[in-house]
Amino acid sequence: MPRRGPHQDADGEPFEEFVRRALIAELTIAELYAASAPITLTGHLQRLDFTSGVYFSDAVWDLALTLKSSNGKSLVANEHYAFKASYGGDAGCQNTAQA
C-alpha cells in the first residue's frame, strides 16, 4: 500500500499558491501581466496528482488548470511532468517536492 502523508512544494507553500505564483511569473515574463489590468483571470485547479516513483511506478506530476477570463474566454491547460524516480520513501517524497 502506498505511503501517504502531507505533501507541499519545496518551499512549503500550498500547491494552489505555487501554481498561482508560477502563472503570474510566466505572464510577467511575457509582458502580459499587470496587477491593475481591467481583465482578470480566475483559475481552478481541476487535477493535481502525482506519483513519486516509489513501488516501481513512474514518477510524474499531472496537473489540469482551467482559466476563465472576465472577458468571457476560457482555457484549459494540462501538464504531464515526468521526473527522476526514487525507490526509497523519503527520497521519493523529496524528489516529488523538488519536481
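This is a predicted model: local features need pLDDT of at least 70, side-chain atom pairs count only at pLDDT 80 or more; totals for chains, interfaces and linings use all residues.

Residues are numbered from 1 along each chain as its sequence is written, and side-chain values use heavy atoms, with hydrogens and water left out.

Q: What is the strand order in the open sheet of three strands?
A: Strands here are DSSP runs of E with at least two residues, helices are runs of H or I with at least four, and both are numbered from the N terminus. Two strands pair if DSSP finds at least two bridges between them. The pairing in this sheet is antiparallel, and the order is E1-E2-E3.

Q: Which are the edge strands?
A: An edge strand here pairs on one side only.

Q: Which residue in E3 is the bridge partner of tryptophan 61?
A: E2 and E3 run antiparallel to each other, paired over nine bridges. Tryptophan 61 has its bridge partner in E3, and that partner is tyrosine 81.

Q: Why does threonine 40 count as partly exposed?
A: Threonine 40 sits in the loop between H1 and E1. Buried means under 20% relative accessible area, exposed over 50%, and partly exposed in between (1.4 Å probe, protein chains only). Threonine 40 counts as partly exposed because its relative accessibility is 46%.

Q: Which residues does threonine 40 touch, not counting residues up to four places away in sequence?
A: Contact means heavy atoms within 4.5 Å. By that rule, and leaving out residues up to four places away in sequence, threonine 40 touches Lys68, Ser69 and Ser70.

Q: How far apart in space are threonine 51 and alanine 85, C-alpha to C-alpha?
A: Threonine 51 is part of strand E1. In sequence, 34 residues separate threonine 51 from alanine 85. In space, their C-alpha to C-alpha distance is 9.0 Å.

Q: Which element gives the most to the lining of the second largest pocket?
A: Helix H1 (15-29), strand E1 (41-52) and strand E2 (59-69) each supply at least two lining residues. The top contributor, with six residues, is H1.
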